[in-house]
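Walk through this structure with me, one region at a time.

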Amino acid sequence: MSETIEELEGSELGTKDYWETSYAREIRNYKDHGDVGEVWFDEDSQNRIIAWIGRQEDDILADDAIIDLGCGNGMMLIELAREGYSKLTGIDYSPKAIELAKAICRDQELCIEYRVVDLMSDAETVALGLFKVVHDKGTYDAISLHPDDAKTMRQRYINNVQRLLRQDGLFILTSCNWTESELIQSFEGHFKLRTVIPTPTFKFGGKVGSVVTSIVFVKE
């Protein structure tokens, strides 16, 4: 019998107001200094995912539909566009994040679709269609930190990600709050493990761990 997963303590990082304020500040910085803002978890995590996608030539084609959940400033998709992927969509529930992502994309002269979408809305999610690759770096973590009923919100997220993913699709999730075993348990019944993307490890007290976990799921 699986152990009950202990919910994370709520934080302002799980609220829309926090991200609206954060991206409003990043918009000003971008306009004033050309600074695209922070890459969630750092660029190394992002680059590992992009490199892994690039090695899946038999599974992921350049014109396959790819969506980035909680895209923030959009830099993940900008890097994928530079690698030749052409059917890219970024969504975020923060209008300010999408405003920033669109501005950076326009200045880079790239073609990426960015849309304000709330993953907690079944209707908005279904309207997006189906994708070969669903990518999330940090959004599941943020949802898990919501101060009000994060457990219900996590389940709604899982249901809607399942709706977005093609039957032959790949769901790539990077988390700094949940371990590999916790993620596998949380998504059980909807997704099963395909592979774990190696991330840097540390050793403390004789135990080996990772700062982040990057995991690839397929539909059950």
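E109 is exposed, because its relative accessibility is 73% and the cut-off for exposed is over 50%. Keep in mind that this is a predicted model. E109 sits in the loop between α4 and β3. Its phi is positive, near 60 degrees, and E109 is not a glycine. Another residue of this kind is D149, with a positive phi near 55 degrees. D149 lies in the loop between α6 (139–144) and α7.

From E109, look across to V211. The two are 102 residues apart in sequence, and their C-alpha atoms are 35 Å apart in space. V211 belongs to the loop between β8 (207–210) and β9 (213–219). V211 counts as exposed, at 60% relative accessibility.

Now turn to the helices. Two packed helices are described by the angle between their axes and the distance between the axes. Take α1 (residues 16–33) and α4 (residues 95–108) to begin with. They pack at an angle of about 30 degrees, and their axes are 7 Å apart. Angles under 35 degrees count as roughly parallel, so α1 is roughly parallel to α4. The crossing of this pair is left-handed. Which residues make the contact? From α1 come K16, E20, Y23, A24, E26, I27, Y30 and K31. From α4 come P95, K96, A97, E99, L100, A103, I104 and D107. By class, this contact of α1 with α4 holds nine nonpolar and seven charged residues, with no polar ones.

Helix α4 also packs with α3. The axes of α3 and α4 come within 10 Å and cross at roughly 25 degrees. These two helices are therefore roughly parallel to each other. Here the crossing is right-handed. On the α3 side, the meeting residues are M75, I78 and R82. On the α4 side, they are I104, C105 and Q108. The classes in this contact of α3 with α4 are four nonpolar, one polar and one charged.

Helix α3 has another partner, α2. Helix α2 (residues 43–54) and helix α3 (residues 75–82) pack at an angle of about 35 degrees, with axes 11 Å apart. This crossing, too, is right-handed. Q46, I49, I50 and I53 of α2 meet M75, M76, E79 and L80 of α3. The contact of α2 with α3 divides into six nonpolar residues, one polar and one charged.

How much of α3 is buried? The helix is mostly covered, with six of its eight residues buried. Those six are M75, M76, L77, I78, L80 and A81. Their cover includes the helices α2 and α4. It also includes the strands β1 (65–69), β2 (87–92), β3 (113–116) and β4 (131–137). After α3 comes G84, whose phi is positive, near 105 degrees.

Stay with α2 for a moment and find A51, which is part of that helix. A51 counts as partly exposed, at 35% relative accessibility. The C-alpha atoms of A51 and S86 are 16 Å apart, for a separation of 35 residues along the chain.

Two buried residues remain. One is N160, in helix α7 (residues 150–164). N160 counts as buried because its relative accessibility is 0%, and the cut-off for buried is under 20%. Its side chain makes a polar contact of 3.3 Å with the side chain of D122. What else is N160 in contact with, leaving aside its neighbours within four places in sequence? Besides D122, the residues are L119, M120, S121 and T125.

The other is T199, in the loop between β6 (191–197) and β7 (201–204). T199 is buried as well, with a relative accessible area of 14%. Where does its side chain reach? The side chain of T199 reaches the backbone oxygen of V212, at 2.9 Å.

How values were computed: Residues are numbered from 1 along each chain as its sequence is written. This is a predicted model: local features need pLDDT of at least 70, side-chain atom pairs count only at pLDDT 80 or more; totals for chains, interfaces and linings use all residues. Side-chain values use heavy atoms; hydrogens and water are left out. Axes are lines fitted to C-alpha atoms, for helices over the stretch in contact, and angles run from 0 to 180 degrees between N-to-C directions. Helices (H or I, at least four residues) and strands (E, at least two) are DSSP runs, numbered from the N terminus. Angles under 35 degrees count as roughly parallel, over 145 as roughly antiparallel, 65 to 115 as roughly perpendicular and the rest as oblique. A crossing is left-handed if the near helix is turned anticlockwise from the far one by less than a right angle, and right-handed if clockwise. Contact means heavy atoms within 4.5 Å. Ala, Val, Leu, Ile, Met, Phe, Trp, Tyr, Cys and Pro count as nonpolar, Asp, Glu, Lys and Arg as charged, and the others, Gly among them, as polar. Buried means under 20% relative accessible area, exposed over 50%, partly exposed in between (1.4 Å probe, protein chains only). A polar contact is a pair of N or O atoms within 3.5 Å; within protein, one must be able to donate a hydrogen and the other to accept it, and residues adjacent in sequence count only if both atoms are side-chain atoms.
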